[in-house]
Amino acid sequence: MHPAEVDHLVIAAASLAEGVAWCEATLGVTPASGGAHPLMGTHNRLLNIASDAFPRAYAEIIAIEPGKAPSRPKTRRWFDLDDAALQAALAQHGPRLIHFAARVPDAHAATQALAREEHAHIDRGHLLAASRDTPAGRLEWQITVRDDGQRLFYGALPTLIQWGAVHPTDAMPASGLTLRSLRAVHPRAPALSAALTAIGMGSLPVDAGPPNLVAVLDTPRGLVTLESQGL
């Protein structure tokens with residue numbers, strides 16, 4: 001399996017306006033414009049967080065778009081955004097890191113590798129084609145989405161994404177943020193490590209313990225640590 005790379009962090013918010021306010025207060029910057037995802041009834045704002053260790057990485061602040069439903073019938077939104085417990089936690093405690101996506105050269109092969117993984121046989125979901133137009137060109141990508149919308153391993157097993165010719169960071173302005181590190185904590189650490197290895201991401205640190213996804217960023221406010229805390 002070819003190496004996978006961290007593509008983007010997923011920060012969920014009860015509303016996009018709340019996500020922007022959180023970003024300004026927590027990270028000290030205003031996120032750049034993003035777009036809407038008619039396929040899932042969501043919309044986002046974006047932040048370039050690329051660094052030498054994580055080239056082309058960005059952060060996505062995402063929320064359900066009011067009045068919009070997924071365009072695919074009987075499909076729940078990606079990243080567990082329809083989950084009642086996650087929605088309640090976001091409403092009570094504010095936006096939070098919940099997941100990340102891994103950039104792979106062949107999403108079909110990576111999905112099959114997870115399905116074949118000796119001890120887990122993981123169903124990462126359907127490989128869906130999506131796109132949106134940007135000033136820099138049309139973004140086209142394939143992404144794994146389960147019908148039930150589940151992230152798996154409390155968000156520590158990444159969604160798989162394969163980009164076309166254009167990547168979002170190609171036209172994304174510098175934000176003043178860089179991703180310094182990303183690690184996962186999970187009670188079934190060996191199983192998570194095996195799944196990550198299957199997709200070519202065996203170098204991601206995984207520790208045993210209560211579920212958590214931990215990202216450390218350099219920001220205008222100094223080092224900031226974002227944690228999923230089992231959400």
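Helix α4 has five residues that are buried: A189, L192, A195, L196 and A198. The structure described here is a predicted model. These buried residues of α4 pack against α3 (107-116), β9 and β10. Helix α4 spans residues 189-198 and lies across β9 and β10, where the angle between its direction and that of β10 is about 165 degrees. Just after the end of α4, G200 adopts a positive phi of about 90 degrees.

The strands against which α4 packs belong to an open sheet of 4 strands, with the order β10-β9-β11-β12 and mixed pairing. At the edges of this sheet are β10 (206-208) and β12 (222-227), each of which pairs on one side only. From one strand to the next, the twist averages 25 degrees. Strand β9 (residues 178-186) runs parallel to β10, and 3 bridges join the two. Within this pair, A184 stands opposite V206, and H186 stands opposite A208. Strand β9 is also joined to β11 (residues 212-219), here by 7 bridges and in an antiparallel arrangement. R183 has V214 of β11 as its bridge partner.

A further open sheet consists of 8 strands in the order β2-β3-β4-β1-β5-β8-β7-β6, and its pairing is also mixed. Its edge strands are β2 and β6, each pairing on one side only. The twist in this sheet averages 30 degrees from one strand to the next. Helix α1 (residues 16-27) packs on the sheet and touches β1 (5-12), β3 (42-48) and β4 (58-64); the direction of α1 makes about 20 degrees with that of β3. Strands β7 (residues 137-145) and β8 (residues 159-163) run antiparallel and are joined by 3 bridges. One of the residues bridged to β8 is Q142, whose partner there is Q162.

Residue H37 is located in strand β2. With a relative accessible area of 7%, H37 falls under the 20% cut-off and is therefore classed as buried. Leaving aside residues up to four places away in sequence, H37 touches T42, H43, N44, E60, I62 and W78. H37 and A130 are 93 residues apart along the chain, and their C-alpha atoms are separated by 8.4 Å.

The model contains 2 cavities of 30 Å³ or more. The largest cavity has a volume of about 140 Å³. Its lining is made of 15 residues, and those closest to its centre are H37, Y58, E60, W141 and W163. Strands β3, β4, β7 and β8 each supply at least two lining residues, with the largest share, 3 residues, coming from β7. By class, the lining of the largest cavity comprises 10 nonpolar, 3 polar and 2 charged residues.

The second largest cavity has a volume of about 40 Å³. It is lined by W78, F79, R124, T144, V145, R146, G149, Q150, R151 and T159. Of these lining residues, 3 are nonpolar, 4 are polar and 3 are charged. W78, listed in this lining, is also one of the residues touched by H37.

The largest pocket holds about 240 Å³ of space. It is lined by 15 residues, among which S33, T134, P135, P168 and A171 are the closest to its centre. Strands β2 (32-37) and β6 (126-134) each contribute at least two residues to this lining, and β2 gives the most, with 3 residues. These two strands are the edge strands of the 8-stranded sheet. The lining of the largest pocket divides into 10 nonpolar, 4 polar and 1 charged residues.

The second largest pocket has a volume of about 200 Å³. A total of 13 residues line the second largest pocket, and A4, V6, A53, F54 and S203 lie nearest its centre. This lining is made up of 10 nonpolar, 2 polar and 1 charged residues.

Notes:
Residues are numbered from 1 along each chain as its sequence is written. This is a predicted model: local features need pLDDT of at least 70, side-chain atom pairs count only at pLDDT 80 or more; totals for chains, interfaces and linings use all residues. Side-chain values use heavy atoms; hydrogens and water are left out. On a 1 Å grid over the protein atoms alone, a cavity is a set of points where a 1.4 Å probe fits but cannot get out, and a pocket is an open set with protein on both sides within 12 Å along at least five of seven lines; lining residues have an atom within 4 Å of a point. Grid points are joined across faces, edges and corners, and a volume is the space filled by probe spheres set on the points. Ala, Val, Leu, Ile, Met, Phe, Trp, Tyr, Cys and Pro count as nonpolar, Asp, Glu, Lys and Arg as charged, and the others, Gly among them, as polar. Two strands pair if DSSP finds at least two bridges between them. Axes are lines fitted to C-alpha atoms, for helices over the stretch in contact, and angles run from 0 to 180 degrees between N-to-C directions. Contact means heavy atoms within 4.5 Å. Buried means under 20% relative accessible area, exposed over 50%, partly exposed in between (1.4 Å probe, protein chains only).
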